[in-house]
Amino acid sequence: MESVSHEEQDVSTPVVVPERDISDSAAERQQIVAALHDYLRLEKGASLNTCEGYCSDVKSFLEFLARKELSFTLFTEDDVRAYLTYRKNNGAEAMSLLRYCSALQSYVYYLLAEEKRHDDPVANIDRAKPLHHLPKVMSEEAVNLFLEAPDINSGIGLRDRAMLEVLYSCGLRVTELCELKFEDMHLKEQYLVIKGKGDKQRMIPLTESAIYWIRRYVYERRGEIDEDLVCPYVFLSQKRDKQTGLPKPMTRINFWYRIKTYSHQIGLEKDPSPHTFRHAFATHLLNHDADLRSLQVLLGHSSLSTTQIYTHVALARMHAVYDKTHPHAQAKDVVPTPKASQDK
């Protein structure tokens, strides 16, 4: 999740909060959320996904304040803590609580920018990041089963095969995949130009296999949905815009359902997500001797520390294979324990 900073306001001086203006109007909440969305998108340059996520979290917070008959703008630090406790008691995990804090901080920055308050009730909330959990990674065999699962004799199946090939071959985020445009593809030169988080661009090589399936989908079946070639997005859903009648691109949710369908088809016990293919891309590259710096560039990570988590995954996989296959791995008595007299 992108962080939305605010550097202009001085929030170091404590300010006495005036008497609250009790607000519980649904219309007012809607206006606040809409204004926050514009602030994040237009003034802070946040991505659309970040705007929608933060606004959804702030809307939930405003509903909490309304139930408590508290002010939408002059809430206190105790109110914020009460809300986070409420979410935690309802099953929110550490990463979710961290995201709620980020959303509320952005909301406070908006209020400060609009001069609707002059203090920061979120500043003292502990937002220590939880420990990273190692991502679960599919084996290369499982990935190949997925790639072979779609029925390429159908338009949907050929599209899904092309999407899965690009997803795994390039390690894209699912949003980057669904928002891929023709202008981003350079098939002759065999690379993509991807605009990732924070509108940062990166170039990613395309495999021969990915190019083959992209071309098959585009030339053989895509025209069934977009006869006049008016949609700039490569991968299209079966749905059309109700107002314009134009074809619509695939969405994250639609593609997640396709992944779930193929997961059941090939008999996996647990459904992977589209992001699982990004984890597989990174880990399999490391397993085949890719270096961390190159992987960082391919994944679009701003910090190498984010990329380094995959080294732990690769090492864990290496030890698991070693323990399973090496004849001495299970033989506990191969190396004798030194006697106490020998140590002296």
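Arg99 counts as partly exposed because its relative accessibility is 28%; buried means under 20% relative accessible area, exposed over 50%, and partly exposed in between, with a 1.4 Å probe and protein chains only. This is a predicted model, in which local features need pLDDT of at least 70 and side-chain atom pairs count only at pLDDT 80 or more, while totals for chains, interfaces and linings use all residues. Residues are numbered from 1 along each chain as its sequence is written, and side-chain values use heavy atoms, with hydrogens and water left out.

Arg99 forms a salt bridge with Asp57, and the closest N and O atoms are 2.8 Å apart. Arg99 belongs to helix 4 and Asp57 to helix 2, so the pair ties together parts that are 42 residues apart in sequence. Asp57 counts as buried, at 7% relative accessibility. Helices (H or I, at least four residues) and strands (E, at least two) are DSSP runs, numbered from the N terminus.

## Other salt bridges

The structure holds 13 salt bridges, each defined as a side-chain nitrogen of Lys or Arg within 4 Å of a carboxyl oxygen of Asp or Glu. One of them joins the side chains of Asp119 and Arg117, at 2.9 Å from N to O. Asp119 counts as buried at 15% relative accessibility, and Arg117 is buried with a relative accessible area of 3%.

Another joins the side chains of Glu176 and Arg202, at 2.8 Å from N to O. Glu176 lies in helix 7 (residues 174–178) and Arg202 in strand 3, so this pair ties together parts that are 26 residues apart in sequence. Both Glu176 and Arg202 are buried.

Three strands form an open sheet in the order 1-2-3, with antiparallel pairing. Strand 1 (185–186) and strand 3 (201–205) stand at the edges with a single partner strand each, so one side of each is left without a neighbour in the sheet.

Two strands pair if DSSP finds at least two bridges between them. Strand 1 pairs with strand 2 (residues 191–195) in the antiparallel sense over two bridges. His186 stands opposite Tyr191 in strand 2.

## Packing of helix 6 and helix 9

Helix 6 (residues 155–170) packs against helix 9 (residues 252–266) at an angle of about 95°, and their axes are 12 Å apart. Axes are lines fitted to C-alpha atoms, for helices over the stretch in contact, and angles run from 0 to 180 degrees between N-to-C directions. The two helices are therefore roughly perpendicular to each other, a class that covers 65 to 115 degrees; angles under 35 count as roughly parallel, over 145 as roughly antiparallel and the rest as oblique.

On the helix 6 side, the residues in contact are Ile156, Gly157, Arg159, Asp160, Met163, Leu164 and Leu167; they meet Phe255, Arg258, Ile259 and Tyr262 in helix 9, where contact means heavy atoms within 4.5 Å. By class, this contact has seven nonpolar, one polar and three charged residues. Ala, Val, Leu, Ile, Met, Phe, Trp, Tyr, Cys and Pro count as nonpolar, Asp, Glu, Lys and Arg as charged, and the others, Gly among them, as polar.

## Positive phi in two loops

Glu69 has a positive phi of about 55° although it is not a glycine. Glu69 lies in the loop between helix 2 (48–67) and helix 3 (77–89), and counts as exposed at 52% relative accessibility.

Glu115, also not a glycine, has a positive phi of about 60°. The loop that holds Glu115 runs between helix 4 (94–113) and helix 5 (140–148). Glu115 is exposed, with a relative accessible area of 61%.
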